[in-house]
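The sequence and the model are shown first, and the description follows.

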Amino acid sequence: MAYKIDPAKCIGCHTCMGVCPAMAISDSPDGKCVIDPTKCMGCGTCAAVCPMAAIAPEAK
Ligand code: SF4
Ligand code: SF4
């Protein structure tokens with residue numbers, strides 16, 4: 001299951017980018033981060049480090 005970043009909560013700190021073992025997170029032109037669902041392996045590491053609790057498993 002892929003995780004997803006809520007752009008309304010993300011402050012663009014990029015902390016999540018540095019911890020993703022799958023390199024699934026990149027920054028977008030608006031400065032916020034986005035997760036590539038085709039690369040995310042659902043480990044939850046990014047969600048654990050996000051200071052804004054902006055990352056959660058994508059609802060089905
Ligand atoms: S760690 Fe959270 S607030 Fe920081 S860039 Fe990632 S999703 Fe946004
Ligand atoms: S859940 Fe794991 S694999 Fe998916 S984006 Fe977050 S850190 Fe990367």
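## The nonpolar core

The largest nonpolar core holds 14 residues, and those touching the most other members are Ile5, Cys16, Ile25, Ile35, Cys46 and Ile55. A nonpolar core is a set of buried Ala, Val, Leu, Ile, Met, Phe, Trp, Tyr and Cys residues joined through C-beta atoms within 7 Å. At least two residues of this core come from each of strand S1 (3-5) and strand S3 (33-35). The model is a predicted one, in which local features need pLDDT of at least 70 and side-chain atom pairs count only at pLDDT 80 or more, while totals for chains, interfaces and linings use all residues. Residues are numbered from 1 along each chain as its sequence is written, and chains are lettered from A and ligands numbered from 1 in the order in which they are written.

Ile55, one of the core residues named above, is in contact with Tyr3, Ile5, Cys16, Cys46, Ala47 and Cys50 when its neighbours within four places in sequence are left aside. Two residues are in contact if their C-beta atoms, placed from the backbone, lie within 7 Å.

## The chain as a whole

The protein chain has 2 helices and 4 strands, and along the sequence these follow the pattern β-α-β-β-α-β. The radius of gyration of the protein chain is 10 Å, close to the 10 Å that the globule rule gives for 60 residues, so the chain is as compact as a globular protein of that length. Here the radius is taken over C-alpha atoms, and the globule rule is 2.2 Å times the number of residues to the power 0.38. Helices (H or I, at least four residues) and strands (E, at least two) are DSSP runs, numbered from the N terminus.

Along its principal axes, the C-alpha trace of the protein chain spans about 25 × 20 × 20 Å. Of the 60 residues, 23% count as buried. A residue is buried if 20 or more other C-beta atoms, placed from the backbone, lie within 10 Å of its own, exposed if 12 or fewer, and partly exposed in between. Among contacts with a separation of 6 or more, 59% join residues 24 or more positions apart.

## The two ligands

Ligand 1 is surrounded by 14 residues, the closest being Cys10, Cys13, Thr15, Cys16 and Cys50. Around ligand 2 there are 13 residues, of which the closest are Cys20, Cys40, Cys43, Thr45 and Cys46. A residue is counted as near a molecule if its C-beta atom, placed from the backbone, lies within 6 Å of it.

By class, the shell around ligand 1 has 10 nonpolar, 3 polar and 1 charged residues. The shell around ligand 2 divides into 10 nonpolar, 3 polar and no charged residues. Ala, Val, Leu, Ile, Met, Phe, Trp, Tyr, Cys and Pro count as nonpolar, Asp, Glu, Lys and Arg as charged, and the others, Gly among them, as polar.

## Individual residues

Ala47 is found in helix H2 (residues 45-49). Ala47 is partly exposed, with 17 other C-beta atoms within 10 Å. Apart from its neighbours within four places in sequence, Ala47 is in contact with Tyr3, Ile55 and Ala56.

Met23 lies in the loop between helix H1 (15-19) and strand S2 (25-27). Its phi is near 55°, a positive value in a residue other than glycine. Met23 counts as exposed because 9 other C-beta atoms lie within 10 Å.

Ala53 is placed in the loop between H2 and strand S4 (55-57). Although Ala53 is not a glycine, it has a positive phi of about 50°. With 10 other C-beta atoms within 10 Å, Ala53 is exposed.

Lys39 belongs to the loop between S3 and H2 and is partly exposed, with 13 other C-beta atoms within 10 Å. Beyond its neighbours within four places in sequence, Lys39 is in contact with Ala22, Met23 and Ala24. Ile11 lies in the loop between S1 and H1, and Ile11 also has 13 C-beta neighbours inside 10 Å, so it counts as partly exposed.

The table lists separations between C-alpha atoms.

| Pair | Residues apart along the chain | C-alpha separation |
|---|---|---|
| Ile11 and Met52 | 41 residues | 7.5 Å |
| Lys39 and Ile25 | 14 residues | 8.6 Å |
| Ala47 and Gly12 | 35 residues | 14 Å |
| Met23 and Ile11 | 12 residues | 19 Å |
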